Amino acid sequence: MAKNKELEQSRTIVAEENGSRPEAKTPVAPEETPAKEPAPQPPGGKERRFRQTDLPAHFIERRKHPRIQTEPPPPPAPPRFADYGPIIGQPELDEIAFLAKLLQGKTVKMVNSTAVGGGVAEILNRLIPLMNELQIPTKWEVITGGNDFYEVTKGFHNALHGGEYNLTQTIKDIFLSYNEQNRQRMQFPEDVVIIHDPQPAGLVRSKKDANGKWIWRCHIDLSNPHSDVWNFLKPMVEQYDATIFSSPAFTRQLSVPQYLFYPSIDPLSEKNKELEESFINKVCDDFGIDRSRPILTQISRFDRLKDPVGVIEAYKLVKKYVDCQLVLAGGGATDDPEGAVVLQEVMDAAGDDPDVIILNLPPWSALEINALQRASTIIIQKSLKEGFGLTVTEGLWKEKPVVAGAVGGIPTQVIHKLTGVLVHSVEGCAYQIRYLLTHPEFAVQLGKNGKEHAKENFLITVNLKRWLLLFQLMLGMARPSKTI
Amino acid sequence: MATAPQLPSTRERAAQTPFYFNSASHLLRIGREKATNLQELLEAIRNCPEASIFQHTFQTLEEHHFIKEGFSNDFSHWTFAACNEVELAERLAAIDIREFISIAALRERIIHVMESYLQKNPRAAARPAMEPFYLMAADLVVVPTPYVARNLSEFADGMRKVSVHSIYYHFIDARLRLKLNTNDFSVWLEQELDLARPAAKLNEIDIYTATLEGVRRSILRIIEPEIGRA
């Protein structure tokens, strides 16, 4: 693709050099205040020493000094609805268009707490242009608050994931007063109002003065929340007409209907779009990856819950029998002190093995991650705890055999031995990798099934279709079939 | 040797009632029931709404339509993958939804299979599963498509163009609507075009060992030779 070649030329490649991040324009975000992020340091901040091998000097040099992009690329234009036709098929596209046609003119508002960064903003940046293109006018508003509010909501976030928390009256007052300020500032004349996550949950007080249907979309795992925080939020949540969760495992008992919307990936995003083979080769070359030998890859931030050290142990067990390389690529080690500690642990575990390639990538590495996944023989996600695990979805979409820990939303995606393999230990992980490397026909079948599974359940077009169906049901425009 | 494509006869038999290809989209509702062992699953199956039984037997076939090896229904898969009860998984997998025209009867069969297994293997009942089973329910919304068939050629043309969800809706979901051990396609072919034999052949297509794309191909293989004859 010529587009990729232009991109390659336009991007600065400077090894081991810091660069500031220019502000990237997002296509529809209501506010743009992207924080400047430091460019990544080379792993561990010091050069790894590799033991003597037969590897060509070229690979060794690149593994010591990977060529990492220091500047973000300009953001691409968001895709148009019709662009998805070749991916999901015209009949499926027609069905979505039909559902949308019935809703034309109905208005929707999405509210969340941040315009940039984070998965919710990423999803809304893709979803809202598509809804507007389908003539369902959709607005996106972001709540505002002082540092005290965001400290409280960060505390809530951790507490809702099971962390310790001391919920005082002052904290409740801060949360409620900022929600009230935003409520006074906003208007809600839309037919459907969707509030994302706990931060703006209190806006539901406006529901009694509005005619629309209100939906709370929870993106986080509420399976084990701090009881005080949840008991504070629950009465707000139960005022909504419906709630949406990403996994049945993430829900609580509620008096209002709960729907399941799996998180989704955009097959036309930088992270997931088709790439030219020449670009994949270039990325592998930049990072010193040998495409003539099997490549095992785990993409995740340097976090103990992703078990990168366990992945290295599994790789070492595999390596006794099958010559292969391991790529551990992720971020979070530059701006997160704990991430840096974990990265060092990973470096120590890798030791002097030159075939363990550790890449601490900046947040603007979507194309490179895409290329790494496409170059891989097997995608690993050996998490010990996980949200939904979108890196697994990305691997499935790229038709790769996936070996993943049976945690969080992963078993929804990886149907054991049908769309991938689930593992529960280092030894199990190693065994399954060896099996796949020595039974390529089985690996190919898993990859094919995995791609279909992702196409059927985890693409943004499926997500869009779910929204349209929910709007129709909520607005009384459709009734469930009387089949049963 | 290449053969000329068979053109539809200009006097092809026309149906009195056209076949309107519909499709179905579904939304998943999260149910209240959850099982962490086989005894809890049995209780959940006894008490859950019919929409949950439908979801985990009928609807799951659509969601996993691309798999042709080893996937039958969610109960069987969980029993195998999370509980490691291979015999029970096999027996649950052998429950063929084509034999049922009501969810109540299907639920009874699942309960019977589980009860008889747990009577023989009482220790399996409370053994913790590796992951819980969450019961879901599907809300189905019927979506019209632009495809309408007034004769067999148009029917074949629609069959080539509709999504697999449409095939699922008419070929599998239809059984519960019709309350018959057949499907919308066969009923229309027999009643409107007097094609009893192809209609019966359609019912022999195995939905458990073929993907929905495979089902589409099989249907076309059966009806295409009839074009021009009908």
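**Entry 1: two helices in chain A**

I began with helix α10 (residues 308-319) of chain A and helix α11 (residues 337-350) of chain A, whose axes come within 9 Å and cross at roughly 10 degrees. I note that axes are lines fitted to C-alpha atoms, for helices over the stretch in contact, and that angles run from 0 to 180 degrees between N-to-C directions. That angle makes α10(A) roughly parallel to α11(A); the cut-offs are under 35 degrees for roughly parallel, over 145 for roughly antiparallel, 65 to 115 for roughly perpendicular, and oblique for the rest. Helices (H or I, at least four residues) and strands (E, at least two) are DSSP runs, numbered from the N terminus.

Next I asked which residues of α10(A) and α11(A) meet. I found A:P308, A:V309 and A:I312 on α10(A), and A:V342, A:E345, A:V346, A:A349 and A:A350 on α11(A). Contact here means C-beta atoms, placed from the backbone, within 7 Å. By class I read seven nonpolar, no polar and one charged residue in this contact of α10(A) with α11(A). Ala, Val, Leu, Ile, Met, Phe, Trp, Tyr, Cys and Pro count as nonpolar, Asp, Glu, Lys and Arg as charged, and the others, Gly among them, as polar.

**Entry 2: what I am looking at**

This is a predicted model, where local features need pLDDT of at least 70 and side-chain atom pairs count only at pLDDT 80 or more, while totals for chains, interfaces and linings use all residues. Residues are numbered from 1 along each chain as its sequence is written, and chains are lettered from A and ligands numbered from 1 in the order in which they are written.

I noted scores of ipTM 0.86 and pTM 0.86 for the model. Chain B has a mean pLDDT (the predictor's confidence in each residue, from 0 to 100) of 90, with 94% of its residues at 70 or more. Over residues 1-6 of chain B, pLDDT stays under 50, and the model has two contacts there beyond four places in sequence.

**Entry 3: chain A as a whole**

I see 17 helices and twelve strands in chain A. Of its 484 residues, 48% count as buried, that is, with 20 or more other C-beta atoms within 10 Å; 12 or fewer is exposed, and in between is partly exposed.

**Entry 4: where B meets A**

I counted 36 residues from chain B and 35 residues from chain A in the contact. On the chain B side, β1 (19-35), α2, β2 (133-149) and α8 each give two or more residues. The largest share, ten residues, comes from β2(B). This side of chain B has 22 nonpolar, five polar and nine charged residues.

**Entry 5: α2 and α8 in chain B**

Then I looked at α2 (residues 50-63) and α8 (residues 164-178) of chain B, whose axes come within 10 Å and cross at roughly 150 degrees. That makes α2(B) roughly antiparallel to α8(B). B:F58, B:L61 and B:E62 of α2(B) make the contact with B:H165, B:Y168, B:I172 and B:D173 of α8(B).

I followed B:F58: is this residue buried or exposed? B:F58 is buried, because 23 C-beta neighbours lie inside 10 Å. Not counting residues up to four places away in sequence, B:F58 touches B:I97, B:I172 and B:D173. B:F58 and B:I172 are 114 residues apart along the chain, yet their C-alpha atoms are separated by 7.5 Å.

**Entry 6: one more residue**

Last, I looked up B:A124 in helix α6 (residues 122-125) of chain B. B:A124 is partly exposed, with 18 other C-beta atoms within 10 Å.
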